[in-house]
Amino acid sequence: MNPKFFQLPEEKQQQIINAAYKVFAGNSYKKAPMSEIADECGISKALLFHYFENKKELYLFLWKQAEELTGNAVREFGVMDTTDFFEILEKNLRVKCSLTRVYPYIGAFCLNAYYEQEEEIRKCIQPEYSQLKRMGEKHIFERIDLSVFRKDVDLELMYQEILWTTEGYLCRRYRMQDVDAEEIEKDFLRLIKQWRRIYYKAH
């Protein structure tokens with residue numbers, strides 16, 4: 001990409017990034033037009049191609065940007081500074097909501113990117129995403145205090161249930177273009193409270 005993109009005022013960079021996240025979140029890679037991204041952020045298509053040589057370069061830049069922003073936020077919120085599984089979930093929720101307040105379509109973009117079937121994109125993203133997911137899960141289950149869970153809980157199934165619920169809820173929100181971070185946070189805090197009651201031993 002053209003380094004001149006980073007010489008733009010930060011507000012303009014963010015407008016372009018948000019426009020691209022929005023358009024790619026609402027379309028498959030092939031059907032996402034660069035002209036729509038340019039219109040969304042108020043620049044010409046020619047200028048967008050001046051900053052990003054082609055659509056693939058922009059798409060992979062957005063993916064790396066999301067990865068970097070998430071990693072920084074995870075450290076800032078101290079997501080792994082606890083041994084309580086549901087506290088980790090709660091902090092991770094706050095990470096996602098903090099990013100959504102600045103980049104409303106970043107979450108929808110990441111979901112779309114993971115399921116993207118276009119080969120040139122899939123081969124760049126899915127292996128990396130899967131590796132990051134495995135490493136994250138390994139880190140969590142090595143760290144958490146297992147003694148607080150009920151003895152009859154299947155932890156692997158519990159984790160899958162939470163992932164499926166989270167993904168289904170967010171997909172529904174994204175399809176409705178309802179990415180209100182405050183509402184998302186409120187709903188998930190209720191879910192986390194419920195999961196804690198179900199899966200932890202009674203006190």
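The second largest pocket holds about 160 Å³ of space, in what is a predicted model. A pocket here is an open set of points on a 1 Å grid over the protein atoms alone, where a 1.4 Å probe fits, with protein on both sides within 12 Å along at least five of seven lines. A volume is the space filled by probe spheres set on the points, which are joined across faces, edges and corners.

Some ground rules: local features need pLDDT of at least 70, side-chain atom pairs count only at pLDDT 80 or more, and totals for chains, interfaces and linings use all residues. Residues are numbered from 1 along each chain as its sequence is written, and side-chain values use heavy atoms, leaving out hydrogens and water.

**The second largest pocket**
- Its lining (residues with an atom within 4 Å of a point) is made up of K22, V23, A25, G26, E36, E40, Y105, A108, Y174, R175 and Q177.
- The largest share, three residues, comes from α1.
- By class, this lining has five nonpolar, two polar and four charged residues. Ala, Val, Leu, Ile, Met, Phe, Trp, Tyr, Cys and Pro count as nonpolar, Asp, Glu, Lys and Arg as charged, and the others, Gly among them, as polar.

**The largest pocket**
- Here you'll find about 1700 Å³ of space.
- Of its 46 lining residues, T70, N92, K96, Y129 and K133 are the closest to the centre.
- Two or more lining residues come from each of α4 (55-76), α5 (85-102), α6 (106-115), α7 (119-143), α8 (155-175) and α9 (181-199).
- The lining splits into 31 nonpolar, nine polar and six charged residues.

- α7 and α8 pack at about 130°, their axes 13 Å apart; axes are lines fitted to C-alpha atoms over the stretch in contact, and angles run from 0 to 180 degrees between N-to-C directions.
- That makes α7 oblique to α8, as angles under 35 degrees count as roughly parallel, over 145 as roughly antiparallel, 65 to 115 as roughly perpendicular and the rest as oblique.
- In contact (heavy atoms within 4.5 Å) are K133, E137, I140 and F141 of α7 with L155, Y159 and L163 of α8.
- α5 and α8 pack at about 20°, with axes 14 Å apart, so α5 is roughly parallel to α8.
- F85, F86 and L89 in α5 meet M158, Y159 and I162 in α8, a contact of six nonpolar, no polar and no charged residues.

Key:
Helices (H or I, at least four residues) and strands (E, at least two) are DSSP runs, numbered from the N terminus.
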